[in-house]
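Hi,

Here is the structure I said I would pass on.

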Amino acid sequence: MRVAVIGGGPGGLYAAALLKRLGPERDITVWERNAPDDTFGFGVVLSDETLGGIQHADPAVYRALQEEFVRWDDIDVVHRGRTVTSGGHGFAALGRRRLLEILHERCRSLGVHLRFRTEAPPAAELSTAYDLVIAADGVHSLTREAHADIFAPRVTTHRCRYIWLAADFAFDAFRFEIAETEHGVMQLHGYPYGTGASTVIVEMREEVWRAAGLDECDEQQSAERCAKIFADALGGRPLRGNKSTWTAFRTVVNRRWSHGNTVLLGDAAHTAHFSIGSGTKLAVEDALALVACIQEQPGLPAALAAYETERRPVVESTQRAAAASLRWFEELPTYLDQPAHQFAFNLLTRSRRVTHDNLRLRDPACTEAVERDFGCPPGTPPMFTPFRLRGLTLRNRVVVSPMDTYSAEDGVPGDFHLVHLGARALGGAGLVMTEMVCVSPEGRITPGCAGLYTPEQAAAWQRIAAFVHQQSPGTAIGIQLGHSGRKGSTRLMWEGIDQPLEDGNWPLTAASAIPYRPGVSQVPQQLDRAGLDDIRDQFAEAARKAAGCGFDLLELHCAHGYLLSGFLSPLTNRRTDMYGGPLENRLRFPLEVFDAVRDLWPADRPMTVRISATDWAAGGNTAEDAVEIARAFAAHGADAIDVSTGQVVPDERPEYGRSYQTPYADRIRNTLRVPVITVGAISSWDDVNSLLLAGRADLCALARPHLYDPHWTLHAAADQNYTGPGAPWPLPYRAGSRKPPTGRTDGPKPRLTLN
C-alpha cells in the first residue's frame, strides 16, 4: 500500500506512524507546507482515554509522551475577585512543538518520508498514484474545498474572537478568569503545558473586541493589551505570541468523510471548540480508528466506511458538547450576577460532559458548597427542593410535560386520561400537565384531542383533577389550553401525522392563509376581526371552566405552530394589519388572549406560557426574538415561560441532542430574570439536578421518560437515597420504595493464593 498524507499535524503524523508500524512494507509520505518546528499555538491537552489508546497502539510514542506531560487536577474559576477551586478533574498537557517532535522522531525511525516546506499535490492527483490519501490538512482544508460537492461541508463562524498566547510560567491549575471592562466582558482560559510555560487564550464577543480596539492591534500589541487586562491572573508577567492572530472559531461539519480512496481526518473533517480541549484529541483518535479499520476490514472501501461509522457518533457527540460550551461563553455576560459557587458550577457543567453527580464524585466539598448556596437542605438533591409560583408551591422541580394522547371522544377525556394522568401524579412529579386541551371543536388537532368547551368535558376534567388532589396530596395538576390553527383536522398521530382526515374535515383558521404542508394540508382561512374575537372568548371561557375544574395552574400554548404560535412567527404570519409585520404587532393577538385568560383565571393561581424559542428555519423567529416574546408575556403577568422550540414549519432543521432546548430557556431566564421551564431530551435525574443547580432553569419538564416510567420521579428519589418531603411515596406503594434486589451475579472472591 502506498499512502499519501496531506498535512503534518498530530493526526496526520500519528496515522502515518501507526500505518507504518503495522505494515513496514507500506510506502508512506507526509507533506507539510511548514518547517518542522513551525507550529501555531502552544500547549496540547490530551485525555486519559486518548492516552490509553496510544499506549495500546504504540507504546514507544506513549512512553515519550509520558516523560513530557504536565499533570494537574484542579480548575480555578475566578469570579469578581473570588476564586472557586474544583479538584479531581485530571488533565495532562505538553507543548505542541514537543508533541510534533516526538511524532517526527517516531515517523523517521519507522521509515515514513517527511516532506517539510512542501505543498502537497492536489488530492485528486495523489489519488491516482497512491492507494490511500489521508487529508489531514486542517480547518481550512483545500482537499475538502476541492471536493465540496462530495464532502458537502457546512462551516459555521461564531460570535467570539480569540487569540492564542503564552506566558513563561506555569499556572497551578486550569484557570478561567473573567474581566469586566468598560468595553464589555473578556475571558481568559489558561493552563500549564510545561514546568515554566502556560497557554493563555483570551476570548470575547466580536463587538467587545472592536470596542476595545483590539481589531487594530498587531500580535505584540495584542499580547501587551491582554497582559494588562489580566495582570492579576498573570502576576504582572508578560504574554507572548507565536504567529498569533485574532480569529473567530469555525465549526466544520461534513456530510461525508471519504471520496474514493481519499479520506478526511481531524479538523479537515470536523472541529470542536477549544473550550473543551478536543481538537488534537479528536485528530489522534481519528488516526487510531482509521488505522484499526484498515487493519480489520477486507478492503479499503469497507475500511473507510467502518472508520466513519465508528467515529461519526463520537465526533457528533463531542461537537454537541463543544457547541454547548461555545454558546455558554458567547452568553457569558448573562451569568455574571450568579453567586460565585453557582457561577463556577455553571461553567464546569456547561458542556454537559460534567454533571452534578459526576462532580460530586470528583469534588464533594465543592458540590456541597453549591448545593448550600442553592438552598438544598442536607441530603436533598436540587430536584427535590420546593418552588413557588404565585400562590402555588410545588414540592419538587419535576414536571410531567404536556403530551397529546389522541384518546378523547368528542373532546371528552375518559378513563384512559384518568389512569394516564393519575398514574403520573402518583409517580411523584411536582406538577402534572394535561395534554393540549382545545378550546373549540375546530381548534382540535385530531378527532381524538381533548377539549374544554362543553359541560361534559368540564365534568370529566373535574373528576381527573379531584383524583390527583385526593390520591396524591401535594401534587399539582395544570391544564394547557390551545387551538390547533392551521395544523388541525388531521389523523391520529399513529395513523399519519399531519395528514388530513380522509373524510369529515372541519374548516381551519390561522393568522394567514398558508397551509402547513403545501399541496397536502388544508388551506386555512385568515382570521378576521370577528374570528379573532371569537377565539379570544373561547380561550377565556375555557379558562373559566378550568378554574372550576380545580386545576392549580394554567398554561397558554403559544408554541409548535398552533394558532397563537402562528401569529408569533414571521414564517406563518404574513398579515398587513395591526396583527402582522414587526414582532410587536405579531405579539398583539397572543397577548390579547393571554390578558383575557388572566382576567378570568383566579388571581392566586399561576399562569405560564409555552413558546417556540426558535423556528429552526431561515427567516423565522430566533433566540433573540424569543427573549422579546418572553419579555412581553412576563410584562403581562406570566409567572413562568415554558421554553420549547420548533414544529412551526415542516422544513425546519432542528439541532437535536441531549437537553438541546435548554440553552434557549437558560438565555431567557438569565437575561430577563423570569422563571423558566425547560423541556426536550432531558432523561436523567442527574441532568435535572445539573440544570437546576447551574441556574439554567427553575423547573424541568420530561415527557417520554414519564411514558417509559410513570414513577420516574419516585424512582429518581430512590436512586439518590432520598426519602424527604419532596418525593413522598403514596401509602399503598410505600413497600416498594426501595429498588428490588436482583440475583447475585458475582462469584465468591478468592481469599487465598497458592504458589
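Let me start with Leu18, which counts as buried because its relative accessibility is 2% (buried is under 20% relative accessible area, exposed over 50%, partly exposed in between, with a 1.4 Å probe and protein chains only). Before going on, the ground rules: this is a predicted model, where local features need pLDDT of at least 70 and side-chain atom pairs count only at pLDDT 80 or more, while totals for chains, interfaces and linings use all residues. Residues are numbered from 1 along each chain as its sequence is written, and side-chain values use heavy atoms, with hydrogens and water left out.

Back to Leu18: it sits in helix α1 (residues 10-22); helices (H or I, at least four residues) and strands (E, at least two) are DSSP runs, numbered from the N terminus. Not counting residues up to four places away in sequence, Leu18 touches Ala57, Asp58, Ala287, Leu288 and Val291, where contact means heavy atoms within 4.5 Å. Arg63 is 45 residues from Leu18 in sequence, and their C-alpha atoms are 15 Å apart in space.

Another buried residue is Ser659, also at 2% relative accessibility. You'll find Ser659 in the loop between β26 (640-644) and α24 (662-672). Leaving out residues up to four places away in sequence, Ser659 touches Arg352, Gly680, Ala681, Ile682 and Leu691.

Now the cores. A nonpolar core here is a set of buried Ala, Val, Leu, Ile, Met, Phe, Trp, Tyr and Cys residues joined through side-chain atoms within 4.5 Å. The largest one has 86 residues, and Phe633 and Ile668 have the most contacts inside it. Helix α19 gives the most to this core, with eight residues. A second, separate core has 57 residues, among them Ala15, Val112, Tyr307 and Ala322.

Which helix does α19 pass in a right-handed crossing? That is α22; right-handed means the near helix is turned clockwise from the far one by less than a right angle, left-handed anticlockwise. The axes of α19 (residues 529-549) and α22 (residues 588-600) come within 8 Å and cross at roughly 35 degrees. Axes are lines fitted to C-alpha atoms, for helices over the stretch in contact, with angles from 0 to 180 degrees between N-to-C directions. On the α19 side the contact includes Leu532, Phe539 and Ala543, and on the α22 side Phe589, Val593 and Leu600 are among the residues involved.

The other pair is α13 and α15, whose axes come within 8 Å and cross at roughly 125 degrees. The two are therefore oblique to each other (under 35 degrees counts as roughly parallel, over 145 as roughly antiparallel, 65 to 115 as roughly perpendicular, and the rest as oblique). This crossing is left-handed. His341, Gln342 and Phe345 of α13 meet Ala369, Val370, Asp373 and Phe374 of α15. In α15 (residues 364-374), the buried residues are Cys366, Thr367, Ala369, Val370 and Glu371. Their cover includes β6 (82-86), α13 (340-348), α14 (356-362) and α25 (685-693). Just after α15, Gly375 has a positive phi of about 105 degrees.

Two non-glycine residues also have positive phi. Lys243 has a phi near 55 degrees and lies in the loop between α10 (231-234) and β14 (247-254), exposed at 58% relative accessible area. Arg390 likewise has a phi near 55 degrees; its loop runs between β17 (387-389) and β18 (392-394), and at 34% relative accessibility Arg390 counts as partly exposed.

Cheers
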